[in-house]
Amino acid sequence: MPFNPKKIMTNKKATCLADLLRIRDANSALVDRLDGNLGSALGYKITNKTLTKTPAVIIFVPAKVSEALLPASQRIPKTLQGPDGLECATDVVVGKRGAEEPAPPTLDADNVGVIEELQGGEIGLIGGIQLGFFDTDGLGYLGTTACAVRRKSDGRVGLLTNQHVGGPPGRVIYNPDPGHVRIGHTRASFEMDPDEYYFDDLIDEEDAYYRIDCAFVEVLDAGLPLVKPGLHRLGSLGEPLALDFKTMGPLGRDVISIGRTRGIQRGTIVAFGYEWSDDPTSSVYTDYLIIGETGRVFSDHGDSGKLIVTDDAHHNPIALLWGGWYERLRRGHGQENWTYAIDINKVLHRLEVEIMTDQVPAPGPNESARKRAMEVAR
């Protein structure tokens, strides 16, 4: 039975992500029928260029037109009605993807040194280092290690990265460059999951998927002594930050990350549940939208797979970066470099791994044999 807002006698303001998810789901037909709409996301409303604390469904449109010129079917209400008397504000934002990405700003001297270390192959197997692989076209490509992880079933140690870096099970992974030193191979990888897989019957949009883009790279025995917990330069990691749908989650949270292209960068989580791809057959969402510090780019090509953590002493993992685009997604701002990321809890659950916090045991008397094996893999 279709949702009928006229039957609601009392209204309750949305206060959390769960409320916003249900309201957007109830109004999906309204959003989909908007001509040229560029998707939606969940976050806080911006009023007079100032971010408020009012939870809202953000709707991206190619241009704003006077309401008097629009037919009723193309008008976006200031408030969306949802089930059980829920309601929330809308925030209509003119959004547009850039036709071309401009050159990123020059790295500062500190980050030039950081990426030399990450790309050099001499600091061990730790979060942030460069990974190399060959794709089906025979060409070599680069990505980033999120961190060291351990498989729950048998304790096997490996590295976490994206599916589009790790590829299908069996792909050989190198460090630092494709064809350089073989450090392991992909044992498991996933790209998409249906939305109902994670929301505990909260919503179930037809033909809707969430990007999870994750892979577990099992490290060769010879490379185990080189595996280190934590992130290069940033240090040890805390417990993954749980995503609580009864709150607004980590929206507005300051974060930090390290990757092989942009080095160490800081940013802010701006929105959740961004619909980055929509066509007549399906909708595809990503968990988080992240923007870098003013004048900086949070991520760039080659940073795929890096781990995003809280920008504090604890460095609690929040998300796995998988992509981004140069586009306009904030009211009062022009084109900006946005990062797309996946909730880290989804990734760990799907791969059945946990983040490694302790050092791999030191090698025994076979250390020299392991070193020889690494040389043979070159």
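This is a predicted model: local features need pLDDT of at least 70, side-chain atom pairs count only at pLDDT 80 or more; totals for chains, interfaces and linings use all residues.
I'm calling a residue buried when its relative accessible area is under 20%.

**Entry 1: aromatic pairs**

I started with Phe199, which has 2% relative accessibility and so counts as buried. Tyr210 goes down as buried as well, because its figure is 1%. Next I counted ring pairs and got 13 aromatic pairs. In one of them, the ring centres of Phe199 and Tyr210 sit 5.3 Å apart with planes at 70 degrees, so I noted it as edge-to-face. Phe199 is in the loop between β13 and β14 while Tyr210 is in strand β14, so this pair ties together parts 11 residues apart in sequence. I also found both residues in one aromatic cluster, along with Phe245, Phe272, Tyr285 and Tyr288.

**Entry 2: salt bridges**

How many salt bridges does the structure hold? I get 19.

- Lys13 bridges to Glu87, with the closest N and O atoms 2.8 Å apart. Lys13 belongs to strand β1 and Glu87 to strand β5, 74 residues apart, so I marked this as a link between distant parts of the chain. Is Lys13 buried or exposed? It is exposed, at 55%, whereas Glu87 is buried at 9%.
- Arg150 bridges to Asp358, and here the closest N and O atoms are 3.1 Å apart. Arg150 is in strand β10 and Asp358 in the loop between β22 and α6, so the pair ties together parts 208 residues apart in sequence. Arg150 counts as buried at 18%; Asp358 is partly exposed at 37%.
- Arg350 bridges to Asp193, the closest N and O atoms being 2.8 Å apart. That links helix α5 to strand β13, 157 residues apart. I have Arg350 as partly exposed at 22% and Asp193 as buried at 3%.

I also traced one network, in which salt bridges with shared partners join Arg151, Asp154, Arg156, Arg187, Glu218 and Asp221.

**Entry 3: helix α5**

Back to the helix that holds Arg350. Which residues of α5 are buried? I listed Ile344, Lys346, Val347, Leu348 and Leu351. Just after α5, I spotted Glu352 with a positive phi of about 60 degrees.

**Entry 4: a charged patch**

Last, the surface. I found a negative patch formed by Glu196, Asp200, Asp201, Asp204, Glu206 and Asp207. I placed Asp207 in the loop between β13 and β14. It is partly exposed, because its relative accessibility is 40%.

How values were computed:
Residues are numbered from 1 along each chain as its sequence is written. Side-chain values use heavy atoms; hydrogens and water are left out. Patches are made of residues with over 30% relative accessible area and no salt bridge: like charges are joined within 9 Å, nonpolar side chains (Val, Leu, Ile, Met, Phe, Trp, Tyr) within 5 Å. Accessible areas come from the Shrake-Rupley method with a 1.4 Å probe; for residues, only the protein chains shown count as cover. A salt bridge is a side-chain nitrogen of Lys or Arg within 4 Å of a carboxyl oxygen of Asp or Glu. Lys and Arg count as positive and Asp and Glu as negative; His and the chain ends are not counted. The place of a charge is taken as NZ of Lys, CZ of Arg, CG of Asp or CD of Glu. Helices (H or I, at least four residues) and strands (E, at least two) are DSSP runs, numbered from the N terminus. Buried means under 20% relative accessible area, exposed over 50%, partly exposed in between (1.4 Å probe, protein chains only). Rings of Phe, Tyr and Trp (its six-membered ring) pair if their centres lie within 6.5 Å; planes under 30 degrees apart count as stacked, over 60 as edge-to-face and the rest as tilted.
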